Amino acid sequence: MLYASVLVERTDAFLRIPRWQTDGALQPNTEDGKEGFSMKKLLALVAALILTFALATFANAEAPKTYKVGIVQMADNGAFTDMREGYIARMRELGYGEDVMTFDYRNAQGDMTNLASICQAMIDSKADYVVTIATPPSQAFLNMDSGIPMFFISVSNPVGAGIITDMAKPDKNATGTSNAIPIAEMFKLSAQLTPDVKTYGLIYCTSEVNSVTTINNAKAYMDQNGLKYEEAVVANSGEVQQAAQSLIGRVDAIFVPNDSVVQAALTVVADVAKEAKIPVYGSSAVMVASGAFATISISDTEIGRMTADMSDQYLKGTPIAEIPAVVVSDFTMVINKTTAAAIGVTLSDDVLAQAKILE
Amino acid sequence: MTLFVGSLQLGLMYGLLAMGVFISFRILNTPDLTAEGSFTLGVAVSAVVTVAGAPWLGLLVAFGCGMVAGAVTGLLQTKVGIHPILAGILTMSALYTVNLAVMNASSNVSLIGKETLFQQLFAALPGLGKDGVRLLVGLALALITLMVLNWFFRTHAGLCIRATGNNEAMVRSSSINTTVMKILGLAVSNGCIALSGAVIAQVQGYADISSGIGILVVGLASVIIGEAVFGRRGVGVGLVSAIVGSVLYRILISLALSTNIFPTYFLKLISAVIVAVALSLPTVKIELQKRRIRREGRTHA
């Protein structure tokens, strides 16, 4: 623990050196006016270094306990990043300041061959616990069987993914949050805002377990409630525009699940739909911010924050097995006003009062 | 330490992939893009067969399926006359659907808590520890495949494949059917790639439809890093250098991962730079040699 935070301090200190040097070299030294990099500055630098070390050692001697937390994220996308930032912000709020808790954040940048190496690095650095964002990192880390507790974020089907047997009783030293999209609420919202919609277009990527789960739930709901649907499947975000265009004329609204591939190209879907004057229902606030009409969602930041509260319980002494994994079920209505105007939907005062309105 | 041992384990397992890429890229001398699809095919088949209760069979079936995928690319290249790059791309994208079908239309199959070959060996060889078992499996698979391939490429068929990659016109004029040789070569290549995927699925504990993304770059980088160390020589040395290259590549990646100096989003850039530096070493060596010769030339003049 002590070694780790000294290391962090040290890399910080090393990073500062080049800046010092360039500062000195570029600007004429006002004190003696001749040399860019004076002995005085060198001495000051050495002093600063010694001070940093001293402070680091002191801080460690006084702090009761420091934590090292690993964060493994699957890829760079808005939702995952919001979850991570929400998590970190909440931990800081709960009193785990920078001197007490350091986060070792790693991102596989979409390449699964990196995941195993990242997870090994986390175990190697003896992290106190690890936070995983999305399904593959959670599976990869759990499978290492390292004995390090794991908190997962955004795994839509934890039981199916094999990381927990019973949501109420975590049995694999792992617990966390699942953000299954509230399908029934979603369609009720649509019935309230755009009651004429009878046929929905579904755009999703078949390679994402999260979105396929949501789509299957949506289809089941629509079958039960006499709604019709048309599907457009994509393999990458480059195909999204054509998929959206293929639905125009055949559907009254478009529904996009929690799918990072489609989300990446959501502005395209929104534009196509605006032109055809049909609403796009998304599954996160990020999508509504990108131009989708409305959603019922829990904010991604909030999912991160809820997971942080679970980590806090663990750090305060509750064993993982007694912290049940939860399906997040606290929703808000999010509506994009600009899109509403563009597709000609008038919002009642009632709705305006309830919903979170984005421009 | 875990990081180094881990790199060694993964490097050996991805070494199978590197050997597969070596076969198409160096021996057959064709750019084959099937790899991204056939690797995932191996991952998917192995996972599904493991869930059904036969992890070892999973490896064999994956190898067979990979061979079929390679043969399809070969047929498209030769019988249909499609450009090699395009033929690979076509098979790769067709395999996307095939892979989903193998996994029963789900994009992720979990092996956590299932009886993988590693779980079986953990129980059978408790003395080795988990790292020991993973290392043993990686080493055993790499060595067995290496020996089989080394033998194969010295048989009549193997020599014909090598000759086809060297000088197709000459081989054809010796009344050897180059079409069959190309198809066979691509089949063996993709069999190895799928086998690599099969063992990776079991060690990482899940199969995901995106497992193969970027895998061709990994394979090519491994082959070329290996060549930077061993130089370009015969088949035997070439295959060994592919495995060594794969291990070195994993070590380089884990070094990139363990540096804390750069922000996280630098990962891909750092790994690209490290690989580029490793690849430039032979050229640097030659430059230095030339300079020495020039200097010596001046002193002796």
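1. Some housekeeping to start. Residues are counted from 1 along each chain as its sequence is written, while chains are lettered from A and ligands numbered from 1 in the order in which they are written. As this is a predicted model, local features need pLDDT of at least 70 and side-chain atom pairs count only at pLDDT 80 or more, whereas totals for chains, interfaces and linings use all residues.

2. Chain B, the overview. You'll find twelve helices and two strands here (DSSP runs numbered from the N terminus: H or I of at least four residues for helices, E of at least two for strands). Reading from the N terminus, the order is α-α-α-α-β-α-α-α-α-α-β-α-α-α. Chain B has a radius of gyration of 20 Å, close to the 19 Å that the globule rule gives for 301 residues, so it is as compact as a globular protein of that length. That radius is taken over C-alpha atoms, and the rule is 2.2 Å times the number of residues to the power 0.38. Along the principal axes, the C-alpha atoms of chain B fill a box of roughly 75 × 55 × 35 Å.

3. Of the 301 residues in chain B, 49% are buried; for the 359 residues of chain A the figure is 45%. Buried here means 20 or more other C-beta atoms within 10 Å of the residue's own, exposed means 12 or fewer, and partly exposed is in between, with C-beta atoms placed from the backbone. Among contacts with a separation of 6 or more, residues 24 or more positions apart make up 78% in chain B and 68% in chain A. A contact is a pair of residues whose C-beta atoms, placed from the backbone, lie within 7 Å.

4. A helix pair worth a look in chain B. Helices H2 (residues 35-51) and H3 (residues 55-78) of chain B have axes that come within 8 Å and cross at roughly 150°. The axes are lines fitted to C-alpha atoms over the stretch in contact, with angles from 0 to 180 degrees between N-to-C directions. H2(B) and H3(B) are therefore roughly antiparallel to each other (over 145 degrees; under 35 is roughly parallel, 65 to 115 roughly perpendicular and the rest oblique). Residues of H2(B) in the contact include Gly37(B), Leu41(B), Gly42(B) and Val45(B), and on the H3(B) side they include Gly58(B), Ala62(B), Gly66(B) and Ala69(B). By class, this contact has ten nonpolar, eight polar and no charged residues. Nonpolar covers Ala, Val, Leu, Ile, Met, Phe, Trp, Tyr, Cys and Pro, charged covers Asp, Glu, Lys and Arg, and the others, Gly among them, are polar.

5. Chain A backbone check. Chain A has 14 helices and 13 strands. Ser154(A) has a positive phi of about 60° without being a glycine, and sits in the loop between strands S4 (150-153) and S5 (174-178). Asn173(A), also not a glycine, has a positive phi of about 60° and belongs to the loop between S4 and S5 of chain A. Ser154(A) is buried, with 25 C-beta neighbours inside 10 Å, whereas Asn173(A) is partly exposed, with 17.

6. Where A meets B. The contact involves 34 residues of chain A and 35 of chain B. On the chain A side, elements giving two or more residues are H1 (2-26), S2 (101-107), H4 (112-124), H5 (135-143) and H7 (209-224). H4(A) gives the largest share, ten residues. By class, that side of chain A has 15 nonpolar, 14 polar and five charged residues.

Note on methods: Contact = placed C-beta atoms within 7 Å.
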